[in-house]
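Please look over the structure shown below before reading on.

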Amino acid sequence: KSALLVEIKSSDSVDPAELRNLRDFGKAIPGSERIVLCQERSPREVDGMSILPWQEGLRRIFQIPAGS
């Protein structure tokens, strides 16, 4: 099973430049999944990292069906 790397940001607009450490850490762990939990309204992908609204991210991490 691959490693899950999670960074939590309080921002509602995450700047990809702020994710340098997560990006570098992910490169050091091949096959890892990188997720950023934040206040953004919509999910997006940047440099192989998933930037997710925190609620959606927690559902994904803990495999909770949407609407639960």
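**Ile51 and its strand**

Arg44 stands opposite Ile51 in β4. The model is a predicted one, in which local features need pLDDT of at least 70 and side-chain atom pairs count only at pLDDT 80 or more, while totals for chains, interfaces and linings use all residues. Residues are numbered from 1 along each chain as its sequence is written, and side-chain values use heavy atoms, with hydrogens and water left out.

**Position of Ile51**

- Ile51 is part of strand β4, which covers residues 49–53; strands (E, at least two residues) and helices (H or I, at least four) are DSSP runs, numbered from the N terminus.
- Ile51 counts as buried because its relative accessibility is 0%; buried means under 20% relative accessible area, exposed over 50%, and partly exposed in between, with a 1.4 Å probe and protein chains only.
- β4 is mostly covered, with 5 of its 5 residues buried.
- Apart from neighbours within four places in sequence, Ile51 is in contact with Val14, Leu19, Val36, Cys38, Glu40, Ser42, Pro43, Arg44 and Val46; contact means heavy atoms within 4.5 Å.
- Between Ile51 and Glu33 the separation is 18 residues in sequence and 12 Å in space, C-alpha to C-alpha.

**The sheet**

- An open sheet is formed by 4 strands in the order β1-β2-β4-β3, with mixed pairing; two strands pair if DSSP finds at least two bridges between them.
- The edge strands, each pairing on one side only, are β1 (4–8) and β3 (44–46).
- From one strand to the next, the twist averages 25 degrees; axes are lines fitted to C-alpha atoms, for helices over the stretch in contact, and angles run from 0 to 180 degrees between N-to-C directions.
- Strands of a sheet pair through backbone hydrogen bonds, either parallel or antiparallel.

**The partners of β4**

- β3 and β4 run antiparallel and are joined by 3 bridges.
- Val46 has Met49 in β4 as its bridge partner.
- The hairpin of β3 and β4 has 2 residues between the strands, and Asp47 in the turn has a positive phi of about 50 degrees.
- β2 and β4 pair in the parallel sense, over 5 bridges.
- Cys38 has Pro53 in β4 as its bridge partner.

**Helices on the sheet**

- Helix α1 (residues 20–28) lies across β1, β2 (33–38) and β4, and runs at about 160 degrees to β2.
- Helix α2 (residues 54–62) packs on the sheet and touches β1, β2 and β4, with its direction at about 115 degrees to that of β4.
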